[in-house]
Amino acid sequence: MTHPTDGSCIFCKIVAGQIPCFKLLEDETTIAFMDINPVNPGHALSVAKGHWPTVDVIPPDVLAAVAKTAQRVAKAVVSELKPVGVNLLQANGAGAGQSVPHLHIHIMPRRPNDGATLNWDYKPGDKAEIEAVYKRLKAAL
Ligand code: 5GP
Ligand code: ZN
């Protein structure tokens with residue numbers, strides 16, 4: 001099966017076997033491997049084999065396959081490493097903290113007080129503002 005690729009993309013090079021990785025699993029559409037800068041031990045990535053940068057451009061069936069692979073890895077992380085929790089995280093765009101523009105889901109096991117800055121405190125929103133944005137989004141769907 002052929003996938004779109006980008007010759008300058010680090011994950012495309014991993015998919016092509018040009019750069020090594022600790023490969024956890026692979027199927028026709030996805031690959032999962034260990035992150036080389038783990039937030040905690042067991043931090044892994046579920047990656048589309050094809051080069052699509054972000055959630056708004058990837059075909060939905062490929063996104064579903066990446067999610068399915070992330071679930072398989074998360075199950076192994078939970079049963080084997082027994083973390084206090086696991087975050088699945090997927091960043092889109094530099095402003096969201098995406099550093100590799102090739103769609104992937106992080107499987108991030110959590111440890112108590114690990115300092116990972118993914119979580120935030122609840123702060124009640126303004127109802128009118130929520131509703132105004134809701135109306136715009138609903139119309140865009
Ligand atoms: P992002 O910041 O785009 O959400 O996540 C990219 C992730 O890819 C980072 O957590 C980073 O550590 C990881 N990463 C970057 N380059 C490589 C690499 O060459 N090999 C592996 N295994 N992970 C990488
Ligand atoms: Zn790529």
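Reader: Hi! What kind of ligand 1 atom sits 3.0 Å from an N or O atom in the side chain of H104?

Author: An oxygen atom of ligand 1. That is a polar contact (N or O atoms within 3.5 Å). This is a predicted model, where local features need pLDDT of at least 70, side-chain atom pairs count only at pLDDT 80 or more, and totals for chains, interfaces and linings use all residues. Residues are numbered from 1 along each chain as written, chains are lettered from A and ligands numbered from 1 in written order, and side-chain values use heavy atoms, leaving out hydrogens and water.

Reader: Which residues are closest to ligand 1?

Author: M34, D35, N37, S99 and H106, out of 16 that surround ligand 1 (a heavy atom within 4 Å). The shell's classes are 9 nonpolar, 6 polar and 1 charged, with Gly counted as polar and Tyr, Cys and Pro among the nonpolar ones.

Reader: Which pocket is ligand 1 in?

Author: Ligand 1 takes up the space of the largest pocket (more than half of its atoms within 2 Å of the grid points). Two or more shell residues come from each of α1 (10-15), β2 (30-34) and β5 (104-110), and α1 gives the most, with 3.

Reader: How big is the largest pocket, by volume?

Author: About 480 Å³. A pocket here is an open set of points on a 1 Å grid where a 1.4 Å probe fits, with protein on both sides within 12 Å along at least five of seven lines, and lining residues have an atom within 4 Å of a point.

Reader: Which lining residues lie nearest its centre?

Author: F11, D35, N37, L45 and V100, from a lining of 26 residues. That lining splits into 17 nonpolar, 8 polar and 1 charged. Each of α1, β2 and β5 supplies at least two of its residues.

Reader: Changing topic, what's the volume of the second largest pocket?

Author: The second largest pocket is about 160 Å³. Among the residues lining the second largest pocket are L24, M34, R72 and E80. Elements giving two or more residues to that lining are β1 (23-26) and α2 (60-81).

Reader: Last one: how many helices and strands does the protein have?

Author: 3 helices and 5 strands, taken as DSSP runs (H or I, at least four residues; E, at least two). From the N terminus, the order is α-β-β-β-α-β-β-α. The C-alpha atoms fill a box of roughly 50 × 35 × 25 Å along the principal axes.

Definitions and conventions: Polar contact = N/O pair within 3.5 Å; in protein donor to acceptor, adjacent residues only side chain to side chain. Points joined across faces, edges and corners; volume = space filled by probe spheres on them.
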